[in-house]
Amino acid sequence: MPQPDDGATIVSVVDDDGIGECFCGGSDGDGRHDESGDSGRYHHRSCPHCGESDPPCSSSGSSYAICETNSDKLRRVIYAALKGFSIGAGLKGGLSLFSLLARLSRRRLPISTKKSNALTNTQDIELAVKETLRYGLFLGTFAGTFVSVDEIIAALGGHRRTARWRALVAGGIAGPSMLLTGLNTQHISLAIYILMRAAVLASRCGIKSKQFGHICKPLTWSHGDIFLMCLSSSQILSAYIMKQESLAPSYKSFLNKHGGKDLVILKGVKELASGMPISNLDGIEKYYKALGDNIKLDPDMKIPCSIVHGNQPCGVHFISFFIQAYKRALPVYLPVYLVPALIVHRLGLLKIPHEILWKSVLGIARSSLFLSTYCSSAWLWTCVAFRIIKRCNVPLVAMGTFPAGLALAIEKKSRRIEISLYCLARAIESFFTCMADVGYLPKSLNVKRADVAIFSLSTAIIMHCYAQEREVFRSKYLNVLDWVFGVPPPPCYTPRYKHCQR
């Protein structure tokens, strides 16, 4: 996967002193540099296309080399597959381990509080192992397929001639490896999230482009991530209250836990916002009575504040809810920070363990503050909207949940775009599910495995950017991609046009 040569014809040779030289077209009529006065010969170390230093003449499974044999290429494929498997199994295994420990801790509660359909410990472990292997095979197969197709196209069509489109094709062909996570398992949210990541990379390419830079300039807005979060919150939280079936089961479970409200309360708010009579006032009153709060609800109420937080004032409810929400948020971010620290920063843990662990602790505390503020402020903003307008309806629910996204400002800048894109993917999935349910989308658009098609398109774009526009990646992602797939060489160093330096 070489870098683009900007239309120059590049040939690299090695002179008698072992110093790499190149002949880069586009400078004069015969296709050579005319700067040194020596028949256009131009030392590689000073060539603007080649950089300032020669890469070592060696080959490994993680990088291209000046001289590659068939065994080198095979080793690269195997190494990429193994590294992809280790990343997939490590991340999914770590998350499954924390999830398993959380479920085991809940089973220590009294029997009356357990779910009747709870899995046994053995079933939980078996499920965790299966999911770990599936995701390991998924990423391992993706990496191995990408590198295999990349090498095959380079061998058949020429390493340099296919450089501009080879990664695009290889990334698209490797995309269906998502099916290894389960033939009947849909990953619409994951596919949309990866598509959003691809769109971000494409927009960065557009920003630095002379042709499209003025079009993509609005994408450079520094607070665009917070706006996307507010927009996503309006759809996600409205769906959480009004139409939970439009959300993915795992995400619905997440929202029900961190939303902090019983389903009987959500049903009451939904009925009031829909203009329907509240069918279970007695159930809501019994729920609060079990918590030690005796309330009497008015069947003719206009706003649902008494349903949401009983006899508590809105401000007091915000504080009490925030404290409980923070306790719920801490276990969520333990694996989010600790698992990458063990995998990505494994070498740093041996050298500077205190610094990395301290950063992880601060990250956990900060992200937990974001999530707890997000959830508690969502209820506060809706209460404020209801009290100002003195009524409750669906548009007010959407308006009231919109400013909850402002809580994203608590997170550090590098994580804001990740969270906003993730939530945007969930919001898009929920929105189109709602549109399909009411008949606004034709059935012809209901593709059976649309997630695989979207994922393949997205990985094609991402891998093309990785091969051709590396500067649009953040360093931490680029380091991971380089570790798995290998660092693409400069354009002059292609196996087709040079000899190995001995």
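Predicted model: local features only at pLDDT ≥ 70, side-chain atom pairs only at ≥ 80, totals over all residues.
Some overall figures. The protein has 502 residues, and 46% of them count as buried. The secondary structure consists of 17 helices and 3 strands. Among contacts with a separation of 6 or more, 68% are between residues 24 or more positions apart.

Now to one helix, α14, which runs over residues 394–401. Which of its residues are buried? Leu396, Val397, Gly400 and Thr401 are. These residues lie on the same side of α14, because they cover an arc of only 125 degrees around the axis. Pro395 and Met399, on the other side of α14, are exposed.

What covers the buried residues of α14? The cover includes three other helices: α6, residues 224–242; α8, residues 263–273; and α13, residues 353–389. At the start of α14, asparagine 393 places a side-chain oxygen within 2.9 Å of the backbone nitrogen of leucine 396. Leucine 396 is also one of the buried residues I listed.

Last, the surface. Trp381, Val384, Ile388, Ile389 and Leu406 make a nonpolar patch of about 460 Å². Take isoleucine 388 from that patch. Isoleucine 388 is part of helix α13, and α13 is among the elements that cover the buried residues of α14. Is isoleucine 388 itself buried or exposed? Isoleucine 388 counts as exposed, because its relative accessible area is 62% and the cut-off for exposed is over 50%.

Methods: Residues numbered from 1 in each chain as written. Heavy atoms only, no water. Buried < 20%, exposed > 50% of the residue type's maximum accessible area, 1.4 Å probe, protein only. Helix = DSSP H or I, 4+ residues; strand = E, 2+ residues; numbered from the N terminus. Arc of directions from axis to C-beta. Contact = heavy atoms within 4.5 Å. Polar contact = N/O pair within 3.5 Å; in protein donor to acceptor, adjacent residues only side chain to side chain. Patch = residues over 30% accessible without salt bridge, like charges linked within 9 Å, V, L, I, M, F, W, Y side chains within 5 Å. Areas by Shrake-Rupley, 256 points an atom, 1.4 Å probe, with all protein chains shown as cover. Salt bridge = Lys/Arg side-chain N within 4 Å of Asp/Glu carboxyl O.
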